[in-house]
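Hi,

Here is the model I promised to pass on.

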Amino acid sequence: MTRVFTKRPIVLVALAAILLIAAACAPATAPTAAPAQPTAAPAQPTALPAQPTTAPAPTEAPQPTTAPAPTQAPSASGNKVISISYTQEPNNLNPLYSNQWFMYNLQDFYLATGLITFNDKNEPLPWIATEIPTVENGGITPDGKVITFKLRDDVKWSDGEPLTADDYVFTYQMIMSDKNTVASRDPFDTAVEKVEAKDKNTLVVTFKEPFAPWMTKIFSHVNGTVALPKHILEPVFQKNGTIDNADWNRAPTVGIGPFLFKEWETGSHLTFEANPNFWLGKPKVDQIFIRIVPDDSAQLAAIKAGDVDIGVFISPSDVPDLEKLGTLDVAKVQSGYKELWNFNLSTDEATKGHPALQDANVRRALVMAVDRDKIDQELLYGLTKPALTFWDGMPQADPTIQPIKYDPEGAKKLLDDAGWKVGADGIREKDGVKLKLRYATTTREVRKNTQAIVQQQWKEVGVDTELINYPSDVFFNSYGDKGPIATGQYDIAEWSDAPNFPDPDTSRWLCSEIPSDANPPGGNWEFLCDKELDALFQKQAQTVDANARTELFHQIQKIIADKVYWVSIWDDPDLWTISKKLSNVKFSGATPFWNSYEWDKSQ
Amino acid sequence: MGRYIIRRLLQAVPLLFVISIIVFVLIMNMGDPLVSFAGRSGQVKGKDRERLIRQLGLDQPIYVQYLVWLVGNDWMKIDVDGDGIPETNGTRMGVLRGDLGTSVVTRQPVIQMIMERLPNTLLLMVTAEVVIIAFALFLGITSALRQYSWYDNIFTGLSFVGYSMPVPLLALGLIYIFGVYLKRSGLPYFPTVGMFEPSAGKTWEQILWHLVLPVATLSIISIAAYSRYIRSNMLEVIGQDYIRTARAKGLMNRTILFKHALKNAALPIVTLIGLDLGFLMAGALVTETIFSWPGMGRLFYDHAVKSDLPVLMGILMLISVSVVFFQLLTDITYTFLDPRIRYQ
């Protein structure tokens with residue numbers, strides 16, 4: 001065959017050269033010449049009060065000092081940009097329409113109209129409300145049914161309209177309107193009787209019964225019921241009959257907060273620009289850039305390459321690698337979640353658990369037989385340890401609760417005393433019943449590894465285990481959808497759960513929540529009905545005074561710890577990475593970006 | 001020929017109906033339609049669930065829901081306030097009148113969402129397709145002409161490697177080599193994610209720079225496959241008698257190659273490319289996800305996990321129409337390439 005392309009090698013070399021030249025000519029990511037910084041930085045707001053106590057004593061709302069006019073024009077926008085990587089794209093930007101985590105925490109940037117916010121210790125701070133209402137300062141009536149909020153009078157929407165109580169009343173009306181397909185009306189449909197604006201800066205909420213979780217559920221960033229701009233959305237509602245399809249839901253150009261919405265290119269990114277008229281002073285950073293990076297490994301690569309400054313939901317196995325880089329810090333943010341064991345305490349024929357679990361001493365022995373600290377060291381790189389109570393990291397946690405220590409000999413003794421004697425095959429038995437437990441969880445790798453370790457350690461004390469794994473969409477199905485846990489097809493189940501963080505309220509142990517044919521969506525999957533515990537839970541939901549409520553929770557935690565109704569394998573904080581170039585970045589588990597106006601970045 | 005085209009187009013209409021019904025039924029059974037309203041707990045419960053199901057029309061029987069999707073519900077009454085009595089007119093006009101509906105997740109009209117992403121996907125896929133065709137032709141033809149030489153053997157080996165490589169592995173490998181390690185050692189590098197850098201803005205330079213790695217990922221695997229295919233076709237054609245005749249007549253090699261051999265070897269390639277073109281709009285899911293390229297593949301996946309019926313139906317119908325159209329186009333192209341093929 002004669003040669004057709006004598007120039008062939010040159011072609012290949014030319015192609016390779018073109019590729020390399022293209023890469024070399026790539027524009028530099030860092031701006032080549034940083035414009036001069038303005039000499040007069042905007043004045044710093046006085047720091048938020050250092051010691052808000054658990055009883056919300058009236059704390060001083062943050063006071064903006066007067067910002068001197070900058071002597072030099074501010075540097076070009078886009079100069080200081082903090083980029084955050086999100087693994088999920090927000091559904092839309094109207095918090096009424098979804099409870100998606102990736103969506104509602106953006107409100108801290110552009111729709112910061114919540115009455116109360118939470119700091120990095122998850123303590124409440126007044127935000128738009130000038131002080132936290134209590135019975136002492138008259139904000140809450142003695143019967144707990146009426147709460148009055150005094151609003152700041154210096155907050156304006158970005159188009160100059162002032163924020164008033166009417167915006168909050170309008171939001172309430174939108175939530176309750178049948179014409180809007182909002183994600184949830186909770187708690188306005190069940191607990192609230194009416195919402196009124198007594199005057200421009202006074203908002204009065206009347207409840208049907210005293211409602212303890214009001215701080216996190218009434219016009220709060222935590223559940224996304226913050227005030228919408230009435231002057232923008234009411235005309236839309238009147239014209240279209242609904243605000244479902246309002247343009248504002250996708251492009252909230254009118255907002256309140258340290259960073260205002262600039263643009264959203266779907267699938268790619270969102271940008272927020274610093275608000276020069278923010279009532280606590282202009283933020284130090286010019287722009288926040290949210291980059292959508294749906295793949296976990298790609299997010300990791302971007303973090304390592306320094307293409308993003310803040311990363312979220314990092315998995316524990318990546319942490320040692322990231323810390324070795326030396327260019328970032330890994331922050332553990334408590335968001336209420338604990339990896340826990342549920343015991344099936346049902347005695348009903350269809351859903352019953354192993355009879356041994358009815359004995360609190362057996363439950364205690366099962367926990368004593370497992371070295372939970374070792375599991376956390378090996379599987380979670382020592383990043384966390386078992387939580388002591390369901391409310392660890394919250395003001396209501398009882399500090400006197402003692403951990404159950406790893407003690408296999410003590411476990412064997414407890415089991416012997418309870419009548420479960422070791423049989424010929426090494427497995428304990430009593431009255432002809434073998435102590436073999438069904439241990440169920442999802443298919444996550446770290447959970448499967450935990451199961452393997454537990455199975456082995458239980459074998460050493462004579463307990464046999466059957467390991468079961470379900471995909472998570474099956475695992476979490478309700479009783480009505482024949483979910484395996486909700487229908488009691490387990491003895492011990494492991495997953496991660498939280499109270500209604502940052503409110504301590506939870507309904508997972510209420511007798512009325514036991515799932516059954518009469519109550520298919522019931523959430524009490526331990527089938528537990530302890531009258532004393534139930535009474536305490538019902539009482540705390542109506543105890544508006546924070547101190548009294550904490551006291552009730554201490555009693556609750558003592559009962560749970562005594563009777564070993566629940567145990568934690570490990571505490572499940574969210575893992576964030578923060579580039580070392582950033583300063584003042586503190587995350588709250590409840591309202592993550594609460595102090596974004598204080599963030600700074602060195603170049 | 002004209003009659004043939006019209007007949008094909010008429011056949012396409014019932015075909016698209018059948019496709020839409022099958023896809024609709026499949027999507028309806030796919031998962032919890034309210035999953036996008038839920039937060040970290042993953043489920044909407046109780047009164048909110050009942051209300052949302054009623055407001056979104058999900059309590060209707062499946063054929064009613066399909067009808068609403070097809071022809072809208074502004075000619076019938078729906079129950080807005082939950083008392084069980086339909087009293088308000090609906091607002092949807094249905095696909096046949098051009099209303100693809102509104103996404104349950106983002107509240108945007110589906111057409112708008114698709115139009116936002118389509119240019120990005122086409123940019124990626126068309127570039128990849130051009131690169132694939134160019135390189136596959138080049139490698140396939142030159143390999144065939146030098147059968148069993150060292151050149152051919154090397155590329156055969158590389159083809160097997162490239163073809164067996166899973167897309168995520170290739171994509172992440174390229175990201176790490178060109179995005180992380182090259183950057184660390186100060187050499188010219190490529191970016192890891194996205195379509196452009198925020199600080200530099202969305203310029204053509206930026207987009208081209210960000211386009212290199214995703215296109216490379218898509219191309220390498222397909223080039224490996226197509227070049228093998230072209231090579232074997234070329235080998236078959238080159239061995240034919242008429243090529244030997246042409247050479248005996250003393251024609252230049254270049255003429256033999258392009259005028260005689262390639263045209264005949266091209267037919268199966270045209271089939272492959274025709275099939276590919278139909279699916280260009282579907283994007284490349286895995287590549288777009290790993291490189292965070294805002295395209296149609298990701299749009300589909302993101303909304304599939306959220307069971308967003310209007311968007312999924314919109315995208316799938318678009319792809320169906322595209323495939324049917326490009327199939328027709330391919331069949332017509334055959335008549336130009338191969339005079340033996342005629343349609344009535």
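Let's start with chain B: its radius of gyration (taken over C-alpha atoms) is 25 Å, whereas a compact globule of 344 residues would have one near 20 Å, by the rule of 2.2 Å times the number of residues to the power 0.38. Along its principal axes, the C-alpha trace of chain B spans about 90 × 65 × 35 Å.

Before the rest, some housekeeping. This is a predicted model, in which local features need pLDDT of at least 70 and side-chain atom pairs count only at pLDDT 80 or more, while totals for chains, interfaces and linings use all residues. Residues are numbered from 1 along each chain as its sequence is written, with chains lettered from A and ligands numbered from 1 in the order in which they are written.

Back to chain B. It has 12 helices and 2 strands, these being DSSP runs numbered from the N terminus (helices: H or I, at least four residues; strands: E, at least two). In sequence order the pattern is α-α-α-β-β-α-α-α-α-α-α-α-α-α. Of the 344 residues in chain B, 32% are buried, meaning that 20 or more other C-beta atoms, placed from the backbone, lie within 10 Å of the residue's own.

Where they touch, domain 1 of chain B puts in 9 residues and domain 2 of chain B 6; contact here is C-beta atoms, placed from the backbone, within 7 Å.

Chain B also meets chain A, with 62 residues from chain B and 57 from chain A in the contact. Several helices of chain B supply at least two residues each, including α4 (110–145) and α7 (204–238). The most come from α6(B), with 6 residues. By class, the chain B side has 27 nonpolar, 20 polar and 15 charged residues. Nonpolar here is Ala, Val, Leu, Ile, Met, Phe, Trp, Tyr, Cys and Pro; charged is Asp, Glu, Lys and Arg; the others, Gly among them, are polar.

However, pLDDT is below 50 over residues 24–78 of chain A. Where pLDDT is low, the predicted coordinates should not be read in detail.

Cheers

Note on methods: pLDDT is the predictor's confidence in each residue, from 0 to 100. Two residues are in contact if their C-beta atoms, placed from the backbone, lie within 7 Å. A residue is buried if 20 or more other C-beta atoms lie within 10 Å of its own, exposed if 12 or fewer, and partly exposed in between; C-beta atoms are placed from the backbone.
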